[in-house]
Every structure is written in C-alpha cells, then in structure tokens.
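Thank you for making time this morning. I would like to walk you through one model, beginning with a pair of helices and then moving on to a sheet and the helices elsewhere in the chain.

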Amino acid sequence: MKKLAIITTHPIQYNAPWFKLLAQRKIIEIKVFYTWSQVENGTKYDPGFGTHVKWDIPLLEGYDYSFVKNVASQPGSHHFQGINNPTLIKEIETYDPAAILIFGWCFNSHLKVLRFFKGKKKILFRGDSTLLNEPAGVNVKKLLRRVFLKWVYRCVDAALYVGTANQQYYLAHGLTKEQLVFAPHAIDNDRFKKGIENERDTLGIPKDAIVFIFTGKFETIKDPDLLLEAFISLKNENAHLLLVGNGELENGLRAKAGQQAVAISNRIHFMSFQNQVRMPAIYRTGDIFVLPSRSETWGLSVNEAMACSKAVLVSDRCGCKNDLVKEGVNGFVFNSRDSNDLARKLNDFLKKPGQIDSMGARSFELIQSWRFEKICMAIEESVREVTNP
C-alpha cells in the first residue's frame, strides 16, 4: 500500500473517526503526525469555552500516529509560532510516504513542510477557509494577502475542499479546478442519529413546546446575543430557547435573560458545555438548530443537528449555507448581525409548526451523503494517483 503522512496539530473529534476509517479500509497506509505535543494527554485549554476540554470519545484508536516534539515557547494552535517542530521533516522522511496531507498552513512547522516537500512528494492540503468575510472592493491589505496566499498554495498539488464556499476560496487563490478534490465536511452521522433521549424533562420544557437551540462557545463571533435578542422579541408563548455552552459572554447572556418578564425568562434555558457523548440528546431537545455566527468557515454543528433530524437556521456568514441549507425545505438563511431578519425567520417556523418535523426529516435525508466514506475515497484516489519514481 502507498503511504500517506497526515500533518495536523492535535486530535480533533471531527477528524479522528475518519483517520480510523482510512486505516480500516486498508487501501492506503496512513500515519498521523501531531505537531502540538503538549496536548498528548488529551486535555487542552479552550479559550472559547474558558475551560480545559478533554473529549469523551476515543481520538487515538485504530490508526498509527505520533506526537512530534513541539519546542515553541508559547505552544498552541492560536498563533503561527505556537507550532515549532525541529524534527518533523526528518520524521516524515523516515516514514517515506508517497504523499503528505497537511492541515492548515498558518503554523511555523506546517508551512516549512509545504515548502520543503514541494516537488518531492505529492502535497494534499485540507482547510475550510472561505471568502465570506472578505471585505468588498480593492484595498492594499486584501491584495497583499491574495499574493501571499497564492505563493503558499503554489506548494499544493491538490486541495481537498469541504464545500462550495471553500472551493471558491481555493479558485480565488490560484488553484485550478483540476487541483480541487471534493472531500466533504462530515460528522459521525450514525452516532448522532441513534436514540430518543432528550433533556426536556430536566429543563422543564413542555413536550409540545417549539424549541430553538444553539450549541457552542458563548463568544462574539458566534453571536448568541443576537439570537437571544431576536428570541425576546417573539410573541409566541409556546416558543423556548436553549443556549448550550460557556464562554466570555455567558454572564451577560444570563443577566439579559433574567431581566426579562417572567413569562419570557421562564422560556429561556441554559446548559453548560456538554461533551460529545451527550450531544445527540442535547440536539434532540430542540426542534430548530440556530447558528447565528458573524463568521463561520463551515459549521459542523449544523451537520450534527441535521443528523438528529433538526430543521436549521444559519447566518449568511456560515460556510455551509449553500450546501446544507435548502431554503424553505429544511431551513432558512438570515442576514448576519440583523436581529430583525433573524426574528422574522424564527417566526417563519412558528407560523407553520406543522412543517418543522418534515423539515427535520429533510435535513436527515440531505446529510446522509455528507459522510466520512467520501473523505476517505477522495484521499485514497489522490494517493493512488501518485506515480512511483
């Protein structure tokens, strides 16, 4: 079997399952090189949630991997110099892969690998950047960034694009259609679709209530405050809001909810960060999943909600909007940072409550083609195309 070296910072709950699947399929051989060695014990501090996070599903089972020593003085994936692995290139050379798959260029060591192996190994690249938040018009900063990124992507032989917005990003930065391979953003659909358990009884939410749900970090870029503001403006006493997560905005959100009239505040519910095993039950507590982000390269929580048969409502700054949200079929798209438009779309669901379940069913149908197997097949084909020297 031809070998593939995978370079990524740390074990991620969305990637580890398809690493394992690649290994199980035995079409190519893989080894994952994790470049943030300080998180080898499985725990890392997440500034967005404001706490240390250790996922409760296995992330290092079923595939070959190693943690490469990171000598950065301030290690982490939040800045370029946070990933610095002096032995990484040598370790890759020792493994002698036919191809290298690199996650992200914006780390010291990852960029060095891109540049060093250009023309020596087939370079596959995985990222989910979009142009959705790129400023309109022409300015010097935008032009300089385009020039720099075109220089970076000249090192790439094939980019694994996750969806339409990501594809447009690569095309804008010099890659050709022939260099782009569709490898969809996916989650473990089968794990999320199982079970009927939910949290309504625990939270005191009536079984016949219509529940809007947000899960994620309580931070400005996710904009849960906009969702809370829009919900408060609704006049439907059967509507409830569930906000699941933690972060810097939490105290303000709770205070704002508590300041409302009792008839409204009693319909606003909070839950702290929930780990992966509990998330299917959390999504099943709601009827409509809302992602109000000001900027979101994709929004894998939308995949998760759809696998749990939920209707979805996302902002127009979410990378998944064109691929996963079919207007009026399984959900709606609203204008980012526009609480009036968000409130109108929330009301669109409330006006036709009988359609919410059918929209959730359509979500479930649509998400079935967004699977790990498609990622594996795209990568396997790209590696098998490598011509032996």
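This is a predicted model: local features need pLDDT of at least 70, side-chain atom pairs count only at pLDDT 80 or more; totals for chains, interfaces and linings use all residues.

Let me begin with α2 and α3, which are oblique to each other, because angles under 35 degrees count as roughly parallel, over 145 as roughly antiparallel, 65 to 115 as roughly perpendicular and the rest as oblique. Helix α2, residues 88-95, packs against helix α3, residues 108-117, at an angle of about 50°, and their axes are 10 Å apart. Axes here are lines fitted to C-alpha atoms, for helices over the stretch in contact, and angles run from 0 to 180 degrees between N-to-C directions. Helices are DSSP runs of H or I with at least four residues, strands are runs of E with at least two, and both are numbered from the N terminus.

Residues are numbered from 1 along each chain as its sequence is written, and side-chain values use heavy atoms, with hydrogens and water left out.

Which residues of α2 and α3 meet? From α2 they are Leu88, Ile89, Ile92 and Glu93, and from α3 they are Ser109, Lys112, Val113, Phe116 and Phe117, where contact means heavy atoms within 4.5 Å.

Turning to the sheet, we have an open arrangement of 6 strands in the order β12-β11-β10-β13-β14-β15, with parallel pairing; two strands pair if DSSP finds at least two bridges between them. The edges are β12 (268-271) and β15 (331-334), each of which has a single partner strand, so one side of each is left without a neighbour in the sheet. From one strand to the next, the twist averages 20°.

Within that sheet, β10 (residues 210-215) and β13 (residues 288-291) run parallel and are joined by 2 bridges, and Ile213 has Phe289 in β13 as its bridge partner. Lying across β10, β11, β13, β14 and β15 is helix α14, residues 339-351, which runs at about 170° to β15.

Finally, how many residues of α12 and of α8 are buried? In α12 (residues 300-307) it is 8 of 8, with buried meaning under 20% relative accessible area, exposed over 50% and partly exposed in between, for a 1.4 Å probe and protein chains only. In α8 (residues 224-232) it is 7 of 9, including Leu226, Leu227 and Phe231. After α12 comes Ser309, whose phi is positive, near 65°.
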